[in-house]
Amino acid sequence: QVQLVESGGGLVQPGGSLRLSCTAHGIVFSIYGVGWYRQAPGKQREFVAHITTRGIINTVEGRFFISRDNAKNTVSLQMNNLKPEDTAVYYCSLGIPPQYWGQGTQVTVSS
């Protein structure tokens with residue numbers, strides 16, 4: 001059974017940083033592209049970033065940096081200079097396009 005477990009969300013002040021992590025279980029992680037999406041209240045889920053099996057990165061947010069560690073079955077998202085509009089539930093995804101999803105982790109940016 002495939003399971004994606006996210007961690008690292010929380011409350012942060014504007015201008016702060018957070019690092020999200022997602023660990024995959026029950027699957028050969030290294031053969032999949034992996035990524036992150038987010039969903040703000042009242043909005044549709046939107047793409048944030050992904051990284052392919054070859055390490056090619058696509059992102060829509062220059063303040064965020066995605067990385068992967070195949071030895072640990074983990075994908076991370078370093079988020080810098082956070083803004084209130086970054087407040088959302090962040091979801092880890094496996095596959096490009098996504099085939100599997102994590103349960104989501106809440107990120108709240110507020111003073």
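Q: Is tyrosine 32 buried or exposed in this predicted model?
A: In this predicted model, the relative accessibility of tyrosine 32 comes to 16%. Buried means under 20% relative accessible area, so tyrosine 32 counts as buried.

Q: Which parts of the chain does the pair of tyrosine 32 and tyrosine 100 tie together, and how many residues apart are they in sequence?
A: Tyrosine 32 and tyrosine 100 form an edge-to-face aromatic pair, with 6.4 Å centre to centre and 75° between the planes. Because tyrosine 32 lies in the loop between β3 and β4 while tyrosine 100 belongs to strand β10 (residues 100-101), the pair joins parts of the chain that are 68 residues apart in sequence.

Q: Is tyrosine 100 buried or partly exposed?
A: The relative accessibility of tyrosine 100 is 29%. The range for partly exposed lies between the 20% limit for buried and the 50% limit for exposed, so tyrosine 100 counts as partly exposed.

Q: What is the geometry of the pair formed by the rings of tyrosine 37 and tryptophan 101?
A: The ring centres of tyrosine 37 and tryptophan 101 are 5.0 Å apart, and their planes meet at 75°. Planes over 60 degrees apart count as edge-to-face, so the pair of tyrosine 37 and tryptophan 101 is edge-to-face.

Q: Over the ring of which tryptophan does the charged end of arginine 45 sit?
A: Arginine 45 lies over the face of tyrosine 91, at 3.7 Å from the ring centre. Its charged end also sits 4.5 Å from the centre of another ring, that of tryptophan 101.

Q: Which residues touch methionine 79, not counting those up to four places away in sequence?
A: Met79 is among the residues with the most contacts inside the largest nonpolar core, which has 27 residues. Strand β8 (74-79) is one of the strands that each supply at least two residues of this core. With residues up to four places away in sequence left out, methionine 79 touches Gly16, Ser17, Leu18, Leu20, Arg63, Phe64, Tyr90 and Val107.

Q: Which residues are in contact with serine 30, leaving aside its neighbours within four places in sequence?
A: Serine 30 is placed in the loop between β3 and β4, and its relative accessible area of 33% makes it partly exposed. Beyond its neighbours within four places in sequence, serine 30 is in contact with Thr53, Arg68 and Asn70.

Technical notes. Residues are numbered from 1 along each chain as its sequence is written. This is a predicted model: local features need pLDDT of at least 70, side-chain atom pairs count only at pLDDT 80 or more; totals for chains, interfaces and linings use all residues. Side-chain values use heavy atoms; hydrogens and water are left out. A nonpolar core is a set of buried Ala, Val, Leu, Ile, Met, Phe, Trp, Tyr and Cys residues joined through side-chain atoms within 4.5 Å. Buried means under 20% relative accessible area, exposed over 50%, partly exposed in between (1.4 Å probe, protein chains only). Helices (H or I, at least four residues) and strands (E, at least two) are DSSP runs, numbered from the N terminus. Contact means heavy atoms within 4.5 Å. Rings of Phe, Tyr and Trp (its six-membered ring) pair if their centres lie within 6.5 Å; planes under 30 degrees apart count as stacked, over 60 as edge-to-face and the rest as tilted. A charge sits over a ring if NZ of Lys or CZ of Arg is within 6 Å of the ring centre and within 35 degrees of the ring normal.
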